[in-house]
2 protein chains.
Amino acid sequence: MPNLAPPIATIDMAKAYKARVLAQCQETFEPIMALYLTDALTPKTLQNVKIVKLYPSGVTTGAESGVTDLSRYDRLFGAMQDMGAILSAHGETNGEALKRETEFAKVYESLSKKYPRLKIVMEHIGAAALADLLDKRENLYATITLHHLLYTLDDLLGGKLNPHLFCKPILKSAADRAALRELAFSAHPKVSFGSDSAPHAKAAKEGASAAAGIFSAPVLLPALAELFEAHSALGSLQAFVSDNAQIVYDIKLPQKTITLVNKPMVVPREIGNVVPMKAGETIGWSIV
Amino acid sequence: MPNLAPPIATIDMAKAYKARVLAQCQETFEPIMALYLTDALTPKTLQNVKIVKLYPSGVTTGAESGVTDLSRYDRLFGAMQDMGAILSAHGETNGEALKRETEFAKVYESLSKKYPRLKIVMEHIGAAALADLLDKRENLYATITLHHLLYTLDDLLGGKLNPHLFCKPILKSAADRAALRELAFSAHPKVSFGSDSAPHAKAAKEGASAAAGIFSAPVLLPALAELFEAHSALGSLQAFVSDNAQIVYDIKLPQKTITLVNKPMVVPREIGNVVPMKAGETIGWSIV
């Protein structure tokens, strides 16, 4: 995710960011870098990094430097489809929070028609209107987060308010979630898992002005296994979390095995100064 | 508001509650008491307190003792319409948060038809669907809060998350707010102001599980004056905040004058341990 402050907008910045990520890794890990779409990008830049992330201006954390006028990237998008680069997008307008994704469907459709050979990934979709585009437009793909599969707006605000479930795109209705679940549980070949995990400090989540983002990284695979099992969809899990993404993003990585077992995991209440998703809860699965 | 813990469900409890309110008052103040609708209520009780507040079970703070089956109050509602008592309601279902009021419109319509002489006040409405009922059903009335006139769901969660704007019924869309504003700014005769101010401690609003309710009491009249002035509706303010309610609830109170002047008021960041609405902001009007 290149929406850091400042945005990861050049190859040098991406290299430095990758080095920072690797410095935190105890195990073999190959981060796939993406560049923030700004005027700094040229077709030449994309020889080295082939994923470009589009943030419409102002729609999420770190989107202050985002795009206000898509038409200025006509030439870049044209070059991207010729070289097989991928456009990933945080697809929201600046409209009312609950309508932002549905309103952006028009933009996705129009981009997909204008650049029919450009692979466009609708990242972390939360709305049924975007799910519906997958079978309508051949060059549109999607990722889905754990939190949009698990929760709805009512988990955020239907009873008491839970700031730890505040994220962008905002959680939506049960009908929206059902559309996403159908894609995930059937391992729709154009859909893969995207965590969108965001470790904001507890103080930044529980104050009078809480940051958007959910720290799901510590529970991702066990919670996915529990959810897929509950919906008799364990057979789709491998494709959803791994195989589909390698095909969609056209990446080849060294083989690595993660084993999940049906053994309870208690989620810590805090990790460092961050409250993880499902803090204090027990998940039925663990990583061996 | 009788949704205390325990609920104010008997005349004795209402008397004790009134005494507690008066003990806090420096000036002349005549609180109009309402009783929480439970099985403890009988037509005889209503000789003394003529407003009954209906909380559907579980829909808001203090609604744990609320109603699960309206039909058991057939006899009571029949007696109420004969004696001119008023049924006030927190009109929400247990459905999805954003649909709860709209779904409850059916209940209001059906109650208003079954007891056509019973005055039913739809308290603190936030949805256009309820506003629409006023001109459709003669015996339906409404109150509107300051916060539902000022804010929409996007003020709560469209940018960062602001727990101090978390309330039930939840803030809704700009279209819903527009319907409410039309009623208030035109001083619709069936509509009056209801503050629904709820002074939850700061810690209860900014934690991992925040209580619903907005502490608007300290700013109500100045903020209303500012809002009505901005919409060239100052001429409707007196009817909205005072005259209409006296007619709707059929109450006569000693004359009292509050004077508002066009002079800035800075809202404290905290009052006691409570964060008021518009904390730290400046409002263009003050009470003399």
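How many C-beta neighbours does A:R269 have inside 10 Å, and does that count as buried or exposed? With 12 such neighbours, A:R269 counts as exposed. By the rule used here, a residue is buried if 20 or more other C-beta atoms lie within 10 Å of its own, exposed if 12 or fewer, and partly exposed in between, with C-beta atoms placed from the backbone.

A word on conventions before we go on. This is a predicted model, in which local features need pLDDT of at least 70, side-chain atom pairs count only at pLDDT 80 or more, and totals for chains, interfaces and linings use all residues. Residues are numbered from 1 along each chain as its sequence is written, while chains are lettered from A and ligands numbered from 1 in the order in which they are written.

Back to A:R269, which sits in the loop between β8 (265-266) and β9 (282-283) of chain A. Helices (H or I, at least four residues) and strands (E, at least two) are DSSP runs, numbered from the N terminus. Not counting residues up to four places away in sequence, A:R269 touches A:A279 and A:G280; here, two residues are in contact if their C-beta atoms, placed from the backbone, lie within 7 Å. A:A279 is 10 residues from A:R269 along the chain, and their C-alpha atoms are separated by 4.5 Å.

**Chain A as a whole**

Chain A has 10 helices and 10 strands. Its radius of gyration is 18 Å, close to the 19 Å that the globule rule gives for 288 residues, so chain A is as compact as a globular protein of that length. That radius is taken over C-alpha atoms, and the globule rule is 2.2 Å times the number of residues to the power 0.38. Along the principal axes, the C-alpha atoms of chain A fill a box of roughly 50 × 40 × 35 Å. Of the 288 residues of chain A, 44% count as buried. Among its contacts between residues at least 6 apart in sequence, 62% join residues at least 24 apart.

**The sheets**

In chain A, an open sheet of six strands runs in the order β1-β2-β3-β4-β5-β6 with parallel pairing. Two strands pair if DSSP finds at least two bridges between them. The edge strands of this sheet are β1 (35-36) and β6 (191-193) of chain A, each pairing on one side only. Chain B likewise has an open sheet of six strands in the order β1-β2-β3-β4-β5-β6, with parallel pairing.

| Strand pair | Bridges | Facing residues |
|---|---|---|
| β3 (residues 86-89) and β4 (residues 119-122), chain A | four | A:A89 and A:M122 |
| β4 (residues 119-122) and β5, chain B | three | B:M122 and B:A142 |
| β5 and β6 (residues 191-193), chain B | three | B:I144 and B:F193 |

Strand β5 (residues 140-144) of chain B deserves a look: five of its five residues are buried, so this strand is largely enclosed by the rest of the structure. B:L140, B:A142 and B:I144 point one way from β5(B), and B:Y141 and B:T143 point the other way.

**The nonpolar core**

The largest nonpolar core has 159 residues, of which A:I120, A:M122, B:V52, B:I120 and B:M122 touch the most other members. Such a core is a set of buried Ala, Val, Leu, Ile, Met, Phe, Trp, Tyr and Cys residues joined through C-beta atoms within 7 Å. Leaving aside neighbours within four places in sequence, B:V52 is in contact with residues including B:A34, B:L41, B:M80 and B:S88.

**How the two chains meet**

Chain A can be laid on chain B with an RMSD of 0.0 Å by a turn of 180 degrees and a shift of 0.0 Å along the axis. That is the relation of a two-fold axis. The copies are superposed by least squares on the C-alpha atoms of residues with pLDDT of at least 70 in both. In chain A, the C-alpha nearest the axis belongs to A:E206, 2.7 Å from it. The same surface serves both copies, as 100% of the contact residues of chain A recur in chain B.

The contact takes 23 residues from chain A and 23 residues from chain B. On the chain A side, helix α6 (residues 153-157) gives the largest share, three residues. By class, that side has 13 nonpolar, six polar and four charged residues. Ala, Val, Leu, Ile, Met, Phe, Trp, Tyr, Cys and Pro count as nonpolar, Asp, Glu, Lys and Arg as charged, and the others, Gly among them, as polar.
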